[in-house]
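Me: I have a model open and want to learn how to read it. Can we start with charged pairs and then go on to cores and domains?

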Amino acid sequence: MCGIVGYVGKRDAYPILIKGLHRLEYRGYDSAGIAIVNPQGDLNIYKCRGKVFDLEKFTQDKDVSGTAGIAHTRWATHGEPNDVNAHPHYSESRSIALIHNGIIENYAVLKEALVENGYTFQSCTDTEVLVQLIEYIKSTTNCSLFEAVQSALKRVVGAYAIAVVEKGNYDEIIAARKSSPLVVGMGDGEFFLASDATPIIEYTDQVVYINDGEMALINRSKPLKVVNLDNVETRIGIEKLEMSISQLEKGGYPHFMLKEIHEQPKTIVDCIRGRVAADGSNVVLSGVLANKDKFLNARRIIFVACGTSWHAALIGEHIIEDMCRIPVEVEYASEFRYRNPIIYPDDVVIAVSQSGETADTLAAVEVAKQHGAFIFGICNVVGSSIARATDSGAYIHVGPEIGVASTKAFTGQVTVMTMIALTLAKEKGCISQPEFTEVAQGLLALPRLVASALELDKQIKDLSKIFTYAHNFIYLGRGYNYPAAMEGALKLKEISYIHAEGYPAAEMKHGPIALIDSEMPVVVIATANNIYDKTVSNIQEIKARNGRVIAVVSENDTQVKDIADYCITVPEAPECLMPIVVSVPLQLFAYYIAVNKGRDVDQPRNLAKSVTVE
Ligand code: M6R
C-alpha cells in the first residue's frame, strides 16, 4: 500500500504534493511526509504520524519552498506508524531522500552489511536500507545517483515503487517500480509522478505507465527517459487519461462511501453501456467474444480474488455454472499463489480486482500464466497492473472508488460477471432466447431497481440506531444470497469494527446456532426464490431461540414479514441479480452504524484501499 507523489517543474511543488497525497490517502493513512529541494539546493524532509491533514499542520511554519519534491502517505508494514518511521527517509549524510511503496524482503541482510560499513539507522523500516544502500554505492563507486539507484535495485528482493531526490538537484526525480504501481504525468516543462493517476489528472491527461522492472529519469528540462535495470531504454507509450476531477470529489456527500453507494444506478448504466442491447436480445462483451474459443473449450474457469472481489467471484461462479454449465472454482488469490495449484493450459483464470493492484491477485495471475492458462481480468482501474498483466478483460467502468469499503465496484463486478455468463451461454447455445432476454432485461432494469432500493435510505438510517451498540452480527443467505450475506458482514465489520459473520443460512444448525440469543441480531436475506421456504424455516429456528431478525425480503413477500422483527423490502429482479439489489440496503446499514459510532468511514483503522503488499 502507501501512496507516492512527486513533482518537478516550474511551479511550487508543495501544494501539488499535498493535494496529491490527499487523493492517495485511500492507500494508507497512518503517517505522511514530504521531501522538497529548495531553490538553494537544500533537501528538507518533514514528516509526522497521522493523516495528510496533520502533515499540513506540521509544515505550516516550515520552509516548503521548492519546485521539486516527493511525498508519501503510509500504511505501515515494517515499523509502527510514528514520526521516525514515516517516509521520506534520509540517507546517512542527509543528501538523498527516498519514498517507497512495497516491501524490501532482504532488508535485514542489506542492513547488516551497511552497519558493518558504519551506517546508522534511525527507523525500523525496511525502506531506510534502500536509501542508505544507494548512498553507499554512490559514494564508494563515484557514480551518478541514477546509476547508484539502478545498482541498488539489482540487490533488492521484494516489491517497490520508489522516488528519489538529491540535495542540490532541483531538476530531477528518479523513480522505479517492481510489483507496485507508478505513473508519470507529462506536462509542459514539468512532470508529475504518482501511484495512480488521481493526483495527476488536474494538471495533464497525458501519462506514461512505468512497467515492472523499469526506472524513470525525470528531468524537467529533458525528455522522460525510461530504462530497465540493465539500462536498456524502453520506448515510451503516452496514454490519455479518461477521468474527470468531479469523480474524485465528494459532491456534497459527507463521505465517499455514501456518495459511491448512491452512484450505483449511474455506475451500473456505465457498466452495461454499449454492451447490452436496448431490447435485451443480445449482450456484447468484446473481450469475451474475441476469446470465445478459450472460454468455450475451457476445462474450468478459476476465479482468483480477495475480499469483496472474492465475494463477487462466488456469485460469478454460481451464475456461470448455472447458465453455461462450465465448471467454475473460486480461490482466494493469497492461498492460490502459494499452494502449488493444479492449473491446466486449457483453464481460464479470471482475476477480479477493483484496484487492479492487489499484490496477491497479481501474483496469482503470474502463477496461472506460468502454467499457460488464459488470463482474463475484471478490473476497475484502467491501466492498472492486473489489467495490463492479463491476456484480455472487461473493465467494470464504475469510476474511481475512494471509500475503503468497496460498494459500487462490487455491484459492477457482479454486473460484468452476469454479462460474461450471458455471452458464453448464448455462444454455447445452452440458454433459450426467452431466458436470455429475461436476465438481459433484468440488467437493463437494474439502475431503476437499485435507485428504488436507495429510497430505503431513511428507513435504514432509523434501523441502524437500534443496532449501533450490538457487539456481534450474523448475516445469512442461501444460493445467490449467501455471498451477498458475506459481503454485508464484511461491510459492517470493516467500517464499524463490529464483529460480523456471513454464513449460508442452512449451515446455522451445524454450529453458529449456538451463538443465538436475544442479544444476537441476525440479518437474513430472504428474497423470493425456489428455496424461500427453506430460508423461512431458518428464520423460525432463529426466532425459536430469541434471536432478533432483520430480514431483507422482496416486494411480494408472503411469510417473513410476519415473523421477522424488522423487514427491509427490496424490488424484485431475476434471481441471479438479487445480490446486487440486496447489497444496497446492507451497504447503507453498515454505513449508518459506522457513522453512529463515529467511525472514520472512508478510512477505517488498519485498512487501506489497495493492498499492494502480501
Ligand atoms: O482492489 P481489489 O478488488 O483487488 O481489493 C480486494 C480487497 O482488498 C477489497 O475488496 C477489500 O476487501 C475491501 N476493503 C472490501 O470492502
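**Salt bridges, core and interface**

Reply: Searching the whole structure turns up 26 salt bridges. A salt bridge here is a side-chain nitrogen of Lys or Arg within 4 Å of a carboxyl oxygen of Asp or Glu. The model is predicted, so local features need pLDDT of at least 70 and side-chain atom pairs pLDDT 80 or more, while totals for chains, interfaces and linings use all residues. Residues are numbered from 1 along each chain as its sequence is written, and side-chain values use heavy atoms, leaving out hydrogens and water.

Me: Which parts does the salt bridge between Glu 190 and Arg 11 tie together?

Reply: The two side chains meet at 2.8 Å, N to O. Glu 190 sits in the loop between β9 (183–186) and β10 (191–194), and Arg 11 in the loop between β1 (3–8) and α1 (13–24), so the pair joins parts 179 residues apart in sequence. Helices (H or I, at least four residues) and strands (E, at least two) are DSSP runs, numbered from the N terminus.

Me: Is Glu 190 buried or exposed?

Reply: Buried means under 20% relative accessible area, exposed over 50%, and partly exposed in between (1.4 Å probe, protein chains only). Glu 190 has 5%, so it counts as buried. Arg 11, at 34%, is partly exposed.

Me: How do I read a nonpolar core?

Reply: Nonpolar side chains tend to be buried together in soluble globular proteins. A core is a set of buried Ala, Val, Leu, Ile, Met, Phe, Trp, Tyr and Cys residues joined through side-chain atoms within 4.5 Å. The largest one here has 98 residues; among those touching the most other members are Ile 301, Ile 378 and Phe 589. Helix α20 (residues 578–596) gives the most, 13 residues. Domain 2 (253–454) and domain 3 (455–604) each supply at least three. Those bounds come from an automatic or database domain assignment.

Me: How much area do domain 2 and domain 3 bury between them?

Reply: The size of an interface is often given as the accessible area lost when the parts come together. Buried area is that loss (1.4 Å probe), summed over both parts. For domain 2 and domain 3 it is about 3,000 Å², 71% of it on carbon and sulfur atoms. On the side of domain 2 that touches domain 3, α15 (433–454) is one of the helices supplying at least two residues. The largest share of that side, eleven residues, comes from α15.

Conventions. Buried area is the accessible area (1.4 Å probe) that two parts lose on being put together, summed over both.
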